[in-house]
Amino acid sequence: MNVNQSPKHVSMKKIVDGRAIGPGLVCGLLILIFIIVAVDYSGLSTMKRLHAQAQSIADDQWTNVELATAALNLSNHNGRIIMQLAVTTDREEMNSLLRRGTDNSEKVSKIVKQLHNRIGSAEERRLYDAIVSNRTSYLKSAEYPVRILLTGKDTAKAQASLVQVTMPLLLQY
């Protein structure tokens with residue numbers, strides 16, 4: 001080593017000579033490969049987690065749709081029962097219709113409770129509250145004519161109430 005050359009100058013000379021270029025390039029390439037693999041792994045892990053979350057959300061929403069559809073079908077069936085009650089005069093048929101309507105209403109109440117437990121957003125809460133409010137009005141309007149039909153006193157008055165009061169509330173519900 002020359003006295004006038006500093007150690008830094010000597011190491012630079014070695015790199016320029018090409019003795020350290022090969023191992024340096026290999027180390028740089030290995031570091032670059034490691035970074036690419038780590039980023040890809042991180043991205044794949046994130047994508048897998050996001051896919052699982054999306055699948056869970058879709059499954060939850062599908063369950064909500066199935067529950068709401070079941071409640072809607074039962075409510076529609078109750079609407080047909082009310083129309084039948086409004087036109088039938090056979091006491092036995094009325095009792096049968098009332099039993100089926102009561103069973104359907106109980107099933108709808110259970111489904112509505114399940115949906116209440118599944119509320120996940122403010123919009124769902126608003127829609128749920130609107131449905132419950134309309135359902136409550138509809139059920140209250142049906143109590144009076146159903147009670148009259150059960151006693152068998154004035155079926156014409158009960159049928160008129162079903163058509164004029166209960167049916168519009170059912171449609172709103």
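**Close-up views of a predicted model**

Arginine 126 has a relative accessible area of 47% and is partly exposed. The model shown in these views is predicted.

**View A. Salt bridge between arginine 126 and glutamate 123 in helix 4.** The closest N and O atoms of arginine 126 and glutamate 123 are 2.7 Å apart. The two residues are three positions apart in helix 4, which means that about one helical turn separates them. Like arginine 126, glutamate 123 is partly exposed, here at 44% relative accessibility. Side chains of opposite charge can pair when their charged atoms come close.

**View B. Salt bridge between aspartate 129 and arginine 125.** The N to O distance for this pair is 3.8 Å, which falls within the 4 Å cut-off for a salt bridge. Both aspartate 129 and arginine 125 belong to helix 4, where they sit four residues apart, about one turn of the helix. Aspartate 129 is partly exposed because its relative accessible area, 39%, lies between the 20% and 50% limits. Arginine 125 is also partly exposed, with 34%.

**View C. Salt bridge between aspartate 60 and arginine 118.** In this pair the closest N and O atoms are 3.9 Å apart. Aspartate 60 is partly exposed at 39% relative accessibility, and arginine 118 is partly exposed with a relative accessible area of 30%. The model has three salt bridges by the rule used here.

**View D. Asparagine 104 in helix 3.** Helix 3 spans residues 91-117 and contains asparagine 104. This asparagine is buried, because its relative accessibility of 7% is under the 20% limit. Leaving out residues up to four places away in sequence, asparagine 104 touches Leu74, His77, Asn78 and Ile81.

**View E. The largest nonpolar core and leucine 162.** The core has 14 residues, of which Ile82, Leu85, Leu149 and Leu162 touch the most other members. At least two residues of the core come from each of helix 2, helix 3, helix 4 and helix 5 (155-172). With residues up to four places away in sequence left out, the contacts of leucine 162 are Ile82, Leu85, Ala86, Pro145, Leu149 and Met167. Another core lies apart from this one; it has eight residues, including Leu67, Leu74, Val112 and Tyr128. In soluble globular proteins, nonpolar side chains tend to be buried together.

**View F. The largest cavity and its lining.** With the threshold set at 30 Å³ or more, the count is one cavity. About 40 Å³ of space lies inside the largest cavity. Its lining is made up of Ser75, Asn78, Ser105, Val108, Arg135, Tyr138, Leu139 and Tyr173. Helix 2, helix 3 and helix 4 each contribute at least two of the lining residues. The largest share, three residues, comes from helix 4. Sorted by class, the lining has four nonpolar, three polar and one charged residues. Asn78, one of the lining residues, is also among the contacts of asparagine 104 in View D.

Technical notes: Residues numbered from 1 in each chain as written. Predicted model: local features only at pLDDT ≥ 70, side-chain atom pairs only at ≥ 80, totals over all residues. Heavy atoms only, no water. Buried < 20%, exposed > 50% of the residue type's maximum accessible area, 1.4 Å probe, protein only. Contact = heavy atoms within 4.5 Å. Salt bridge = Lys/Arg side-chain N within 4 Å of Asp/Glu carboxyl O. Core = buried A, V, L, I, M, F, W, Y, C linked by side-chain atoms within 4.5 Å. 1 Å grid on protein atoms, 1.4 Å probe; cavity = no way out; pocket = protein on both sides within 12 Å on 5 of 7 lines; lining within 4 Å. Points joined across faces, edges and corners; volume = space filled by probe spheres on them. Nonpolar A, V, L, I, M, F, W, Y, C, P; charged D, E, K, R; others polar.
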